[in-house]
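Hello,

Here is the structure I promised to pass on to you.

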Amino acid sequence: MIPAIVIAGTHSGCGKTTLASGIMAALQARGLQVQPFKVGPDFIDPSHHTAICGRPSRNLDPFMMGEDGVARTFLAASAGADIAVIEGVMGMYDGLEGGDLGSTAHVARILGAPVVLVADVGGMSRSVHALVRGYTGYDAAVRFAGVIFNRVGSPRHREMIEEELSVPALGWVPTEREKAVSSRHLGLAMAGEASMAAFGEVCEAHCDLDALIASAASAPAAMPVPGGADASSRVRLGVARDAAFCFYYQDNLDLLRRAGADLIFFSPFTDSLPEVDGLYLGGGYPELHAEALSASACTSQIRAAAEDGMPVYAECGGLVYLCEGLEADGQEYRMAGVLPAEARMHGRFQALGYVEAAATGASPLLQAGVGFRGHEFHYSSVDPAADARFALSLRRGKGIADGRDGLCEHAVVAGYSHAYLNETFASAFVGAMERRQRGR
């Protein structure tokens, strides 16, 4: 097991994404190969990690992956790196439904990695010690390397806090408003639109990176878990990846490759549909690019391919794109028209949380009983036709409506659930593409 450190936060908004990304950038600038990770199901923060480190950031989510899955992904992805930096989720002890499952502390215990706590000291001084002592004493199984005090207002502010330190201070970071990354309805801007690399200089100047590296080296030794080799490519899977479709778990892409899919990346609003045997349309921001998608030749090509029986799996933004139309900001946009449904954007989120799904058998793409765990978070709603069919039943989560998800038409399944795929699902998807190959 390589040196590893967890960057946890007292609460959402304390600055842990900024500082985790800045620490990654500073370590990279020192010549270290950094493997980034993100606790939980988020897509946006990993995009910043990946851009900074040049290595795909992986999600570590015990609910979706199981504890063994967290360990396997961590060990396999860390091969060849000098240090792993794991950004936490929400407050350090916040897990599923107010429990421990899936919390940052849970992942830190699985990996045996020490924790650096990010504490926002804006508006307080001595009171932060009560906060820190509560966090560091709450779970004796979690090891703390120290605290980074964020948004320190002045040298005097730092002095007042330093007088009663109870754990090592690994950083005193001032407010850096001019370097802040903007947010929108699903969170921070993606890495392709804004960069957090500038925070590397901030962390180099204001954090004790030598002490952080030394603490990371105390992670326990472990034997690496061998990863499965990619199967010989039997099918070509088109994966929409651009500013409109950008939410993918790297583990899913790797799993599809191992199942025998050659991944062909393309943009539905700048490219023609490539020669492929199936399509994977991830989530993202189709509403921000609705006009370009509506006018794209690829949109009509995807509709024709779906009507011809091409297997298509789509999630969230991909679901919206496959509907007949989208209403956003008072405008109506024609979409692909594959599914008998209309989509609409709203001013607040319509669903947020984990999902557990099982296939109903209504689609040839997924046999009854095939299931997965995943996550949903969206500001849109979809109004399906009265006779619409659903390929997924949710034991947990909202889906499109009342626990029904995965609208299906032809060999298309499209739902709000962002799936963390498993081998059964991946094999079923690749198998559907192979059957289409043989039937043509």
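In this predicted model, Ala357 sits opposite Leu394 in β22. Strand β22 covers residues 389–396 and runs antiparallel to β19, joined to it by four bridges. (Strands are DSSP runs of E, at least two residues, and helices are runs of H or I, at least four residues, both numbered from the N terminus; two strands pair if DSSP finds at least two bridges between them.) β19 also pairs with strand β20 (residues 371–378), in the antiparallel sense over eight bridges, and there Val355 faces Gly374. Of the nine residues in β19 (351–359), eight are buried, where buried means under 20% relative accessible area with a 1.4 Å probe, protein chains only.

Elsewhere you will find an open sheet of seven strands with parallel pairing, in the order β3-β2-β4-β1-β5-β6-β7. Five bridges link β6 (residues 144–152) to β7, and Val147 stands opposite Ala169 in β7.

Helix α1 (residues 16–29) packs on this sheet, touching β1, β2, β4, β5, β6 and β7; contact means heavy atoms within 4.5 Å. Its direction makes about 165 degrees with that of β4 (angles run from 0 to 180 degrees between N-to-C directions, with axes fitted to C-alpha atoms, for helices over the stretch in contact). Helix α2 (residues 44–53) lies across β2, β3 and β4, at about 175 degrees to β2.

Some notes on reading this: residues are numbered from 1 along each chain as its sequence is written, and side-chain values use heavy atoms, leaving out hydrogens and water. Local features need pLDDT of at least 70 and side-chain atom pairs count only at pLDDT 80 or more, while totals for chains, interfaces and linings use all residues.

Best wishes

Notes: Buried < 20%, exposed > 50% of the residue type's maximum accessible area, 1.4 Å probe, protein only.
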